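I opened the notebook to record what I looked up in this structure. The entries follow the order in which I checked things.

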Amino acid sequence: MNEHHSTLLAPMIDPQAKIGNNVRIGYAVRIYANVEIGDDCQIGDMSVIGWPSSKQPFKDRPVHIGAGSIIRSHAVIYEGSAFGPNLETGHHVIIREGTKAGTNLRIGNHSDIEGDCEIGDYVRCHGYVHIGRGSRIGHFVWLFSLVTLTNDPLPPSFLHVPVTVGDGAVLAVGVTPMPGTVIGKGSFIAAGEHPSGNIPPGRVFARGAVSVPITRLANLQYGIQHPWMNHFIEAYPPEAHNRIRALAAEISGKQ
Amino acid sequence: MNEHHSTLLAPMIDPQAKIGNNVRIGYAVRIYANVEIGDDCQIGDMSVIGWPSSKQPFKDRPVHIGAGSIIRSHAVIYEGSAFGPNLETGHHVIIREGTKAGTNLRIGNHSDIEGDCEIGDYVRCHGYVHIGRGSRIGHFVWLFSLVTLTNDPLPPSFLHVPVTVGDGAVLAVGVTPMPGTVIGKGSFIAAGEHPSGNIPPGRVFARGAVSVPITRLANLQYGIQHPWMNHFIEAYPPEAHNRIRALAAEISGKQ
Amino acid sequence: MNEHHSTLLAPMIDPQAKIGNNVRIGYAVRIYANVEIGDDCQIGDMSVIGWPSSKQPFKDRPVHIGAGSIIRSHAVIYEGSAFGPNLETGHHVIIREGTKAGTNLRIGNHSDIEGDCEIGDYVRCHGYVHIGRGSRIGHFVWLFSLVTLTNDPLPPSFLHVPVTVGDGAVLAVGVTPMPGTVIGKGSFIAAGEHPSGNIPPGRVFARGAVSVPITRLANLQYGIQHPWMNHFIEAYPPEAHNRIRALAAEISGKQ
């Protein structure tokens, strides 16, 4: 066990890391040797900066975090990338090797940039955004929650056909461009769409399908009936049972 | 470097935090000054409780965690919120400032409550649930995996039109209510729907579209052919190659 | 406060854990007593291995990590599971109790295996994959980003009807098999589909719906007009305003 304890007590900030002035580093942060952090940055608790890459040509190359950046807790940023000033990440963000990003990139909670991407200035990503390897993203682009940029046209394969997003384009919640999609400048892709091919600039893309009421709750059956309160009351503590029964009665009466 | 080391060795539990009796705190947890934790709680390893907010009026206000709560590892909970008793979170959960939640809220792994929300009693959220800022959620509501409550009707904008979910409503996997949607008491929204407007109480909403077989694997082409085993065998270690070839032969024979 | 500090300073690697030769353990890792780690493994920073389960029959049973495995940072793996050699996980992965997996399982960033699952050899999962409790997954299966295997046919209920995925099947981005779906060997389910029932082997499933241009940006209204640059410029720092105005003019001219 001694071997493990010695590993664990190694310095969490490698003395070779280049850290600027007025940098605030949180609790239990690990910073590897290859890291360059500009002035006036904040690195959140439990983050890992400079995680080693196994991919050439990024392996053993530095990661540069521009001045004025804020990286929130539980982030993981690999070596071999460069971020302009004022990068701002949410919590639990992962950014892999080989990413080049401009100024003022913002990335929301739980997002994942898979590496080898080029990202312009002032790009905004909400949460759970997945930017596939090799994506090309212009300036002032918006990627809302759960947007996924794919890159394999016939998965799984060794083909690699990433997505290009033009300046100022907006991809609403859950948009998943198919591999090779080129989205024109300023186009707006509606929630949940799977665009493909060349999307011209300045357009709105959507299928327009809408939900409609298809049946009454009482007709939904699978050995049991909705409203769910009738068969699922035991999932709640006893003190909540009377309230659940009253709610079931109210909903059943409304159908 | 001394400056950073002194930061890192600062106490991880701020002595100003108010921590009740019989509270079990895991390894490498950070608790900020503004935190109030009721009796009999568990705080999981590597969590951060009381993360500072920059938003008024929540900045510098306490976060209260009700008695009997269980917060699993790698959670981040901001200052400026109040949770009733028996809050239970999965791992890697994020809850931002200004949330008011009743008793017995459960939130699954990797979920994200974006703040300024009101949440009733006995609400259940599965994993990757995203509750947009300002959402209003009743009692006994169910939000299944990947449910996303939006709030910007023409993104990006400064407009803010959050979603309201009535008591006992059920949003199945991946449901994404559009901004301003009001979901009636006890309604059931089927998997993947994007409801909008006013959904009356006690209804089932779905489009009902189903997948159908569209072609044979051999007709899928992109310079390569499926089954994928034929062109992707090198992604596996050599000892697996014979098994992959046999599987490819079997699947090809079945088409 | 003394009580909490003593908890916090407890050993992070329980001396009862069985750890093989040449195992590299990162910074701030917690390893519980019930853990068995084979030779030549790597355990990433801030991970938790052996998280206690409250579910029978998995409670207090060991978790076995096969030789040659790589677990990346911020992972959580419960007690009561067994993984063959060469398990490889991304960052922020969660695996609950009762999972039995073969050799060479790979699981991407932010994925979640909910437990009591059987997973064959050489299975590959990308990010945000959610494998519902009780799923049965064959050998050489591919689950791409955001694939969600469900198990409750009329949620919420106590019913439990998990999904079965045959050898070599491919579920593209966002595929969400409904409860009880049986996917035949080698079938390919296209992005975003919600298959159900019995999918025969060696087929391609898709609805084939595609996005089409539905209107011009200028027709999208909600009190404001697109392109968004016209009404949202204040969200950017002043030095970016001229570039945004130029982009707005260019996009407006293109419609």
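This is a predicted model: local features need pLDDT of at least 70, side-chain atom pairs count only at pLDDT 80 or more; totals for chains, interfaces and linings use all residues.

**Entry 1: the contact of chain A and chain B**

I looked up how many residues each chain gives to the contact. Chain A puts in 63 residues, and chain B puts in 68 residues. I then took the area buried between chain A and chain B, which comes to about 5700 Å². Carbon and sulfur atoms give 69% of that area.

How many salt bridges does the rule find across the interface of chain A and chain B? I got three. I looked at the pair Asp45(A) and Arg30(B), which form a salt bridge with their closest N and O atoms 2.7 Å apart. For polar contacts, I noted twelve residue pairs between chain A and chain B, both residues at pLDDT 80 or more.

I next asked which elements of chain A give two or more residues to the side that touches chain B. They are strand 28 (212-216), helix 2 (229-232) and helix 3 (241-254) of chain A. Helix 3 of chain A provides the largest share of that side, with six residues.

**Entry 2: how the copies are related**

**Entry 3: a sheet in chain A**

I traced an open sheet of ten strands in chain A, with parallel pairing. The strand order reads 1-4-7-10-13-16-19-22-24-26. At its edges I found strand 1 (18-19) and strand 26 (198-199) of chain A, each pairing on one side only.

Inside the order I checked one pair. Strand 16 (residues 118-119) and strand 19 (residues 136-137) of chain A run parallel and are joined by two bridges. Glu118(A) has Arg136(A) in strand 19 of chain A as its bridge partner.

**Entry 4: Ser47(C)**

I placed Ser47(C) in the loop between strand 5 (42-43) and strand 6 (48-51) of chain C. Is Ser47(C) buried or exposed? Ser47(C) counts as buried because its relative accessibility is 0%, and the cut-off for buried is under 20%.

I then listed what Ser47(C) touches, leaving out residues up to four places away in sequence. Met46(B) is one of these residues. Within chain C the residues touched are Ala28(C), Val29(C), Arg30(C), Ile71(C), Arg72(C), Ser73(C), His74(C) and Ala75(C).

Notes: Residues are numbered from 1 along each chain as its sequence is written. Chains are lettered from A and ligands numbered from 1 in the order in which they are written. Side-chain values use heavy atoms; hydrogens and water are left out. Two strands pair if DSSP finds at least two bridges between them. Helices (H or I, at least four residues) and strands (E, at least two) are DSSP runs, numbered from the N terminus. Buried means under 20% relative accessible area, exposed over 50%, partly exposed in between (1.4 Å probe, protein chains only). Contact means heavy atoms within 4.5 Å. Buried area is the accessible area (1.4 Å probe) that two parts lose on being put together, summed over both. A salt bridge is a side-chain nitrogen of Lys or Arg within 4 Å of a carboxyl oxygen of Asp or Glu. A polar contact is a pair of N or O atoms within 3.5 Å; within protein, one must be able to donate a hydrogen and the other to accept it, and residues adjacent in sequence count only if both atoms are side-chain atoms.
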